[in-house]
Amino acid sequence: MLLKVLRNGLGLIFVFVSWLTNPKPMKRSEADQAAVQAKAKDLALYQLYACPFCLKTRRAMHRLNVDIERRDIKHLQNREALETQGGRVKVPCLRIGEGENAQWLYESSDIIQYLNGLFSKQKSI
């Protein structure tokens, strides 16, 4: 019980510090930003709000100025989808694509590398 309270408290402190030190988002023209958002519509990030690795991934998303749907696995439906379709309950996890052809990418560093490859090529202003 004490460990859970400590972990949750530290997680919220990490979230607050991250909010204070968030990187500036990449600036793009309206057309380029629309293209980025079109690419991002088939992505979903399965996460826990105070998880440090999820936080690292969300900071990269903020820096890249890309809005990816976030699904918190505290909700039973999201947790079950992650387990049945992704194969295991581990966050962060990026779902790429829809339906049976979806790919599931685990590990924050791998997700960030994928997102950098996909979105940092877009022209910034």
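**Surface and salt bridges in a predicted model**

Colleague: Is Glu 100 buried or exposed?

Modeller: Glu 100 counts as exposed because its relative accessibility is 81%. Buried means under 20% relative accessible area, exposed over 50%, and partly exposed in between (1.4 Å probe, protein chains only). This is a predicted model, in which local features need pLDDT of at least 70 and side-chain atom pairs count only at pLDDT 80 or more, while totals for chains, interfaces and linings use all residues. Residues are numbered from 1 along each chain as its sequence is written, and side-chain values use heavy atoms, with hydrogens and water left out.

Colleague: Where does Glu 100 sit?

Modeller: Glu 100 is in the loop between β3 (93-96) and β4 (103-106). Helices (H or I, at least four residues) and strands (E, at least two) are DSSP runs, numbered from the N terminus. Between Glu 100 and Gln 85 the C-alpha distance is 8.1 Å, although they are 15 residues apart in sequence.

Colleague: New topic: how many salt bridges are there in the whole structure?

Modeller: A search of the whole structure finds 4. A salt bridge is a side-chain nitrogen of Lys or Arg within 4 Å of a carboxyl oxygen of Asp or Glu. One of them joins Lys 90 and Glu 107, whose closest N and O atoms are 2.3 Å apart.

Colleague: Which parts does that pair tie together?

Modeller: Lys 90 lies in the loop between α4 (76-86) and β3, and Glu 107 in the loop between β4 and α5 (108-119), so the pair ties together parts that are 17 residues apart in sequence. Lys 90 is partly exposed at 29% relative accessibility, and Glu 107 is partly exposed at 38%.

Colleague: And what does Arg 71 pair with?

Modeller: Arg 71 forms a salt bridge with Glu 69, with 2.9 Å between the closest N and O atoms. Arg 71 is buried, at 17% relative accessible area, whereas Glu 69 is partly exposed at 41%.

Colleague: What about Glu 98?

Modeller: Glu 98 forms a salt bridge with Arg 95, the closest N and O atoms being 2.8 Å apart. Arg 95 is buried, with 5% relative accessibility.

Colleague: Which residues form the nonpolar patch on the surface?

Modeller: Among them are Leu 3, Phe 14, Val 17 and Trp 19, and the patch has about 970 Å² of accessible area together. Patches are made of residues with over 30% relative accessible area and no salt bridge; like charges are joined within 9 Å, and nonpolar side chains (Val, Leu, Ile, Met, Phe, Trp, Tyr) within 5 Å. Accessible areas come from the Shrake-Rupley method with a 1.4 Å probe; for residues, only the protein chains shown count as cover.

Colleague: Where is Val 17?

Modeller: Val 17 is in helix α1 (residues 2-20), and at 42% relative accessibility it counts as partly exposed.
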